[in-house]
Amino acid sequence: MAVSDTTIRHYTESDPDVRLMLRVRDDDAAAFAELVNRHQDRLVSVLTYQVGRRELAEELAQETFLRVYKARHRYEPGAKFSTWLFTIAGNLALNSLRGLSRKKEVRLAAQSPDETGAAAPHPTAASSAMPTRQADRTELCDAVQAAIATLSERQRTAVLLAKFENMDYVEIGEVLGMTDKGVKSLLARAREKLRQALGPYIERGEAVGGLTGADAMTQELGSVEGGSR
């Protein structure tokens, strides 16, 4: 589908990443490196939650950027760059999960901090932490991972894009090929499912400040809206 001049102008003026990608289209290697630096960490984090394995997420992120680069000469800014990027990444993640499912090799629940993408604690902090506190933190991370794994592929993607990329209904719809009303309904069902799975942790107030990654996501479950801004 051809992109209108008005749309191209809008996204070129409003999105600095689009301007970088237009330079990539002209074979500017430095611009491509800058795009990778800007988005790689967040992309790997989102993909890790989608596929459940850090190593696989890193491979999918590399493949995503490879596809971006291969498509550079055909690029037209019809959406925010991040929307386009996560559309490519999301399709790769879904295809990967379906392939793994057929082989019965899917591991949706991460088993270690390295796999979840959470930062490793500083040695001093780790040695001074109470064992009970560390056990609670591990239990909470595992519970969040397990809860996310129960979502459908589309629900999981929508929640992650809303939380990690702050995308609104329209932007998430562009990634998933849905209307904004469809995304709103999808997120509402996903929120309810997560609340049911994680209700005991939220009620006990175990998702406290200072926790990262999956823990922080638990703390904010009630505020996932992704509404238009």
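Biologist: Where is the place of Thr 157?

Modeller: Start with the element. Helices are DSSP runs of H or I with at least four residues, strands are runs of E with at least two, and both are numbered from the N terminus. Thr 157 sits in helix α9. This is a predicted model: local features need pLDDT of at least 70, side-chain atom pairs count only at pLDDT 80 or more, and totals for chains, interfaces and linings use all residues. Residues are numbered from 1 along each chain as its sequence is written, and side-chain values use heavy atoms, with hydrogens and water left out.

Biologist: Does Thr 157 count as buried or exposed, and why?

Modeller: Compare relative accessible area with the cut-offs: buried is under 20%, exposed is over 50%, and partly exposed lies in between (1.4 Å probe, protein chains only). Thr 157 has 6% relative accessibility, so this residue is buried.

Biologist: With which side chain does the side chain of Thr 157 make a polar contact?

Modeller: Look for N or O atoms within 3.5 Å; within protein, one must be able to donate a hydrogen and the other to accept it, and residues adjacent in sequence count only if both atoms are side-chain atoms. Here the partner is the side chain of Gln 50, at 2.8 Å. Leaving aside neighbours within four places in sequence, Thr 157 contacts Gln 50 and Leu 176.

Biologist: Which residues touch the most other members of the largest nonpolar core?

Modeller: First the general idea. In soluble globular proteins, nonpolar side chains tend to be buried together. A nonpolar core is a set of buried Ala, Val, Leu, Ile, Met, Phe, Trp, Tyr and Cys residues joined through side-chain atoms within 4.5 Å. The largest one has 53 residues, and Leu 43, Leu 47 and Ile 172 touch the most other members. Helices that each supply at least two residues include α2 (16-25), α4 (54-70) and α11 (180-203). Helix α3 gives the most, with 10 residues.

Biologist: What does Ile 172 contact?

Modeller: Again, skip neighbours within four places in sequence. The partners of Ile 172 are Ala 158, Leu 161, Ala 162, Met 167, Val 183 and Leu 187.

Biologist: What does Ala 89 touch?

Modeller: Ala 89 lies in helix α5 (residues 81-102). Beyond residues up to four places away in sequence, Ala 89 touches Leu 43, Leu 47 and Thr 64. Ala 89 and Leu 43 are 46 residues apart in sequence, yet 8.0 Å apart in space, C-alpha to C-alpha. Ala 89 is buried because its relative accessibility is 1%.

Biologist: How many aromatic pairs does a search of the whole structure find?

Modeller: Rings of Phe, Tyr and Trp (its six-membered ring) pair if their centres lie within 6.5 Å; planes under 30 degrees apart are stacked, over 60 edge-to-face, and the rest tilted. The search finds 3 aromatic pairs. Tyr 75 and Trp 84 have ring centres 4.9 Å apart and planes at 45°, so their pair is tilted. Phe 81 and Trp 84 have centres 6.0 Å apart and planes at 65°, so theirs is edge-to-face. Ring pairs link Tyr 75, Phe 81 and Trp 84 into a cluster.

Biologist: How many helices and strands does the protein have?

Modeller: The count is 12 helices and 0 strands. Of its 229 residues, 43% count as buried.

Key: Contact = heavy atoms within 4.5 Å.
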